[in-house]
Amino acid sequence: MSVTWRHLPASAREIACAATEAVETAKSQDTEAYEVAVGRLAMAERSGLVLGAVVRQLLEATHPDGLDGDDVRQVLQRCVRAAAPWRPDVDPHVVLVLLAGALGVYDPGEDDSPPGPAALARHAPLLVADLLAVTGRPLDGYLSAAFTEIERTERHD
């Protein structure tokens, strides 16, 4: 865990640790460890908010000129194809929901089958790991920026 997280409340540190563990196990494609890690992540309240902010930052870093439909499709396909050999249960719809949610264009009320928190927790680390592979950067900086962004937003609300 990064020392920049020491000042965070215990719940935020738990999210950071759980997210880091889940993303690392996704990178190593360790199926058993991944199940444990995403179970822990699913239990961490507000982890979806944090990972959504991380995904948004990663999308901005990998597409500095903005995203169009083709870019979103490419990210979706790359993530699903990379995960499918070791996660045959990867669901493209859930990955798409994560992408749309991070971009602020997902309305669960318009989705006939919105994924639950457990499904989102099982898929978010796959997407984050895939996007991190493109940037070549570690997760720590994105997590720290996500917490800063969330804190700033909450202060202004």
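This is a predicted model: local features need pLDDT of at least 70, side-chain atom pairs count only at pLDDT 80 or more; totals for chains, interfaces and linings use all residues.
Which residue just after H6 takes a positive phi? It is Gly-136, whose phi is about 75 degrees.

**Helix H6**

Helix H6 covers residues 117-135, and its 19 residues reach 27 Å from the first C-alpha to the last, which is close to the 27 Å expected at 1.5 Å a residue. The helix has a kink of about 25 degrees at His-123, and this kink lies shortly before the proline Pro-125. Both His-123 and Pro-125 belong to the buried residues of H6, which also include Ala-119, Ala-121, Ala-124, Val-128, Ala-129 and Leu-132. The cover over the buried residues of H6 includes helix H1 (10-28), helix H2 (31-43), helix H3 (47-62), H4, helix H5 (92-102) and helix H7 (139-156).

**The contact between H4 and H6**

The axis of helix H4, residues 69-83, comes within 9 Å of the axis of H6, and the two cross at roughly 110 degrees. Because angles of 65 to 115 degrees count as roughly perpendicular, H4 is roughly perpendicular to H6. On the H4 side, the contact is made by Val-75, Arg-78, Cys-79, Ala-82 and Ala-83, while H6 contributes Leu-126, Leu-127, Asp-130, Leu-131 and Val-134. Sorted by class, this contact has eight nonpolar residues, two charged residues and no polar ones. Of the H6 residues named here, Leu-126, Leu-127, Asp-130 and Leu-131 are among the buried residues of that helix.

**Residues in the loops**

Most residues other than glycine have a negative phi. Gln-29 has a positive phi, near 60 degrees, although this residue is not a glycine, and Arg-46, likewise not a glycine, has a positive phi near 75 degrees.

| Residue | Loop | Relative accessible area |
|---|---|---|
| Gln-29 | between H1 and H2 | 43% |
| Arg-46 | between H2 and H3 | 42% |
| Asp-89 | between H4 and H5 | 44% |

Gln-29 counts as partly exposed, as does Arg-46, and Asp-89 is also partly exposed. When residues up to four places away in sequence are not counted, Asp-89 touches Arg-122 and His-123, and His-123 is the residue at which the kink of H6 lies. Asp-89 and Val-75 are 14 residues apart along the chain, and their C-alpha atoms are separated by 18 Å; Val-75 is one of the H4 residues that make the contact with H6.

Conventions: Residues are numbered from 1 along each chain as its sequence is written. Side-chain values use heavy atoms; hydrogens and water are left out. Axes are lines fitted to C-alpha atoms, for helices over the stretch in contact, and angles run from 0 to 180 degrees between N-to-C directions. Helices (H or I, at least four residues) and strands (E, at least two) are DSSP runs, numbered from the N terminus. Angles under 35 degrees count as roughly parallel, over 145 as roughly antiparallel, 65 to 115 as roughly perpendicular and the rest as oblique. Contact means heavy atoms within 4.5 Å. Ala, Val, Leu, Ile, Met, Phe, Trp, Tyr, Cys and Pro count as nonpolar, Asp, Glu, Lys and Arg as charged, and the others, Gly among them, as polar. The expected span of a helix is 1.5 Å times one less than its number of residues. The bend at a residue is the angle between axes fitted to the seven residues ending there and the seven starting there. Buried means under 20% relative accessible area, exposed over 50%, partly exposed in between (1.4 Å probe, protein chains only).
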